[in-house]
Amino acid sequence: MIVTRFAPSPTGYLHIGGLRTALFSWLWARRNGGKFLLRIEDTDRSRNKEEALSAILEAFDWVGLDYDGEPVYQSQRFGLYEEYIERLLAEGKAYYCYMSREELDALRAEQMERGERPRYDGRYRDFTGTPPEGIEPVVRIKAPQEGTIVFEDGVKGRIEIAASEVDDFIIARSDGTPTYNFVVAVDDALMGLTDVIRGDDHLYNTPKQLVVYEALGFTPPRFYHVPMIHNEQGRKLSKRDGALDVMEYKRQGFLPEALLNFLVRLGWSRGDQEIFSLEEMIEYFDPHEINKSASSYNLDKLLWLNGHYINNTTNERLAKLLEEFGVHVTDHDRREFLLDATKVRAKTLLELAEQIRTILEPPSDYDPKAVKKAFKGDAAAILEAFSEKLRSTEGLHLPSDYHKVMEEFVTEREIGFGKIGMPLRVALLGKMSGPGMDEVMAILGVGETVARIEKALEFLKYT
């Protein structure tokens, strides 16, 4: 059975790079009927933030990535790690190192002066003498000193690293707390991980973790190291480019399914297909098909996808989502007209909310450029005549009803559609952009439409 995991540290919010890694891991587990586990790597108590942990869990809930069982917290497993460290010490696979900070600094300075890569020189590897006084030792694992460390990476292929590149690294600090590479290897093994999908910034942690696996007699998982997400200039993604807290995307009006669709395509593809339902992602995703090169973040693509999903979302759901943006249309008697008219033009829920407010709230002022363009010549007289026609026409309800009235009006007066369309739009919305006038009038109804025309005519008297 395939078992994958996502293991964030609650020292900051969940960003989209982390969410993409979680999505890849989740999809691979779900495709194979396996398990997707969540582990919170909170061993650094000084940097842990409760609000960051809450935000991580909230983000998982928002995008709908469910995990199997309860989250595993590393901070609750220190006793377990201590047992394995003691076991390695007892088996002679790890040792106490009494090297002081001053000695280590001096060693590094000497190595750098000789043009060598700074590394621990193993001076306490086989130490049997009397420990120096006043030194709280660290625990180092005995890494192999000859040969190569080899593993097959599902994305990058065969990776070979000379054993000499991995020194006897620390697995427990002088205060007894275990180090990252040690606890990750222990947890991945004990949690039954078969496949570890993670960012390729962890690639050079893998040899160290394989040393731990070997020392403890564990079978290592399969590794897939996913290239980073770059900005459109090919540099590391920053907050300005989109490396935001996942929940910030929610606050900016993105739908979770749009964000997931966007992320799955950052580094993975299936032909020319751009739109993927969650079911299709599960059916098709394979980590072996992840691109070897970095992917490029494209905000326009995300906005396009989000607009697609908004346009294909039920009006009932949209009405509920809009409540978080201060728009309450669930019980509006023209809700269907309203949402059908606006969602086709909105790329985010923020935009959709603003479009709806533009229609439902009478304009408090008029765009000067629009006024200059639309309210010229006999525009006032045309608006007044159109208002009269609306008042005298019965049975107006659907957009098609209002469209018919407009057609009749321009035919009767022998004018072009723009002669009524432009001034009417500014009168109703205060600007030139927005849905079709037939849709807007069907939403507002005759009474409100006439009232806004009269307000505009009053405005024109004083301009």
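How far apart should the ends of helix α3 (residues 78–90) be at 1.5 Å a residue, and how far apart are its end C-alpha atoms? The 13 residues should span 18 Å, and the end C-alpha atoms are 18 Å apart, so expectation and model agree. The model is predicted.

- Six names make up the buried set of α3: Phe 78, Tyr 81, Tyr 84, Ile 85, Leu 88 and Leu 89.
- These residues cover an arc of only 145 degrees around the axis, so they lie on the same side of α3.
- An α-helix has 3.6 residues a turn, so residues three or four places apart point the same way.
- Glu 83 and Ala 90 sit on the other side of α3, and they are exposed.

**Helix α3: surroundings**
- The buried residues of α3 pack against strands β4 (94–97), β5 (138–141) and β8 (170–172), among other elements.
- Helices α5 (180–190) and α6 (206–216) also pack against these buried residues.
- Gly 92 follows α3 and has a positive phi, near 75 degrees.

**Asp 401**
- Asp 401 belongs to helix α16 (residues 399–413).
- Beyond its neighbours within four places in sequence, Asp 401 is in contact with Gly 395 and Leu 396.
- Ala 442 is 41 residues away from Asp 401 along the chain, and the C-alpha atoms of the two are separated by 8.2 Å.

How values were computed. Residues are numbered from 1 along each chain as its sequence is written. This is a predicted model: local features need pLDDT of at least 70, side-chain atom pairs count only at pLDDT 80 or more; totals for chains, interfaces and linings use all residues. Side-chain values use heavy atoms; hydrogens and water are left out. Helices (H or I, at least four residues) and strands (E, at least two) are DSSP runs, numbered from the N terminus. Contact means heavy atoms within 4.5 Å. The expected span of a helix is 1.5 Å times one less than its number of residues. Buried means under 20% relative accessible area, exposed over 50%, partly exposed in between (1.4 Å probe, protein chains only). The arc is that of the directions from the helix axis to the C-beta atoms.
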